[in-house]
Amino acid sequence: MLKIALTKGRVEQKFIPLLERCGIDCQPLINKKRKLIVNLGDRYQFIFIKGPDAITYLKNGVVDLGIVGSDVLKEERSEANELLDLQTGKCQFILAAKADFDWNQPKRKVIGTKYPVIAQQYFARKGEDVEIIKIEGSVELTPLVGLVDAIVDITETGTTLRENHLVIHEYLDQVSTRLVANPVALKQKRKEIFAFTDMLAQEVNRK
């Protein structure tokens, strides 16, 4: 049985329809209620976790595979083997601020983000020294109350930004859901893992 860490929320909601299109009965996943571990027959066991925890589970050999956003993989500097871009959960990393913010002012900028590693790498590439404040909740709120000058975040449609009168200054990178493997499991369960990967890839490439 393959043990698969599935990120709860947006990743989960986009992945299950893909799995259904592969001909797999996903009703146990759809109707899981509060269950955190769900078996699909004797072939797959899905463990529902938060994104960053998927990396921890993979690293410690608790699961064989992880289904997680590329934003989490980059932020956590994951060393897991990436097998497939599932082409779901697509969104973009953006740099945004209030419309009247002067990007050319000489003062050191303060940046709010859930992704301090990615934000720091971005500004380092630009040769710009900034102060990074990590935010766990609504990042869009921080420039509105004067906590930060700008934010680095991910957005799918930009609706929340517009509703909060924030303007995108730059697009940093694209984000999508990835299938990644624990390197040890990739050796021990190579046949099962690649069969699962090929099944998903066939459906992804059908689009």
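Disulfides first: the count here comes to zero. C26 is in none, since a pair of cysteine sulfurs has to lie within 2.5 Å, and its nearest cysteine sulfur, that of C22, sits 8.5 Å away. Keep in mind that this is a predicted model. Salt bridges are another story, with twelve in the structure.

**Cysteines**
- C26 is buried, at a relative accessible area of 1%.
- C91 is buried too, at 8%, and C91 is one of the residues that T155 touches.

**Around T155**
- T155 belongs to strand β9, which covers residues 150-155, and T155 is buried at 14% relative accessible area.
- Leaving out residues up to four places away in sequence, T155 touches C91, Q92, I94 and L161.
- The T155 side chain also reaches the backbone nitrogen of G158, at 2.9 Å.

**Salt bridges**
- R21 pairs with E203, with 3.5 Å between the closest N and O atoms. That ties helix α1 (residues 10-21) to helix α9 (residues 190-204), across 182 residues.
- In that pair, R21 is partly exposed at 43%, whereas E203 is buried at 10%.
- K126 and E170 meet at 3.8 Å, N to O. K126 lies in the loop between α5 (116-125) and β8 (131-134), E170 in strand β10 (residues 166-175), and the two are 44 residues apart.
- K126 is partly exposed at 43%, and E170 is partly exposed at 28%.
- E136 and K134 form a salt bridge at 3.6 Å, N to O; E136 is exposed at 63%, while K134 is partly exposed at 49%.
- Shared partners join R21, E203 and R206 into one salt-bridge network.

Note on methods:
Residues numbered from 1 in each chain as written. Predicted model: local features only at pLDDT ≥ 70, side-chain atom pairs only at ≥ 80, totals over all residues. Heavy atoms only, no water. Buried < 20%, exposed > 50% of the residue type's maximum accessible area, 1.4 Å probe, protein only. Helix = DSSP H or I, 4+ residues; strand = E, 2+ residues; numbered from the N terminus. Polar contact = N/O pair within 3.5 Å; in protein donor to acceptor, adjacent residues only side chain to side chain. Contact = heavy atoms within 4.5 Å. Salt bridge = Lys/Arg side-chain N within 4 Å of Asp/Glu carboxyl O.
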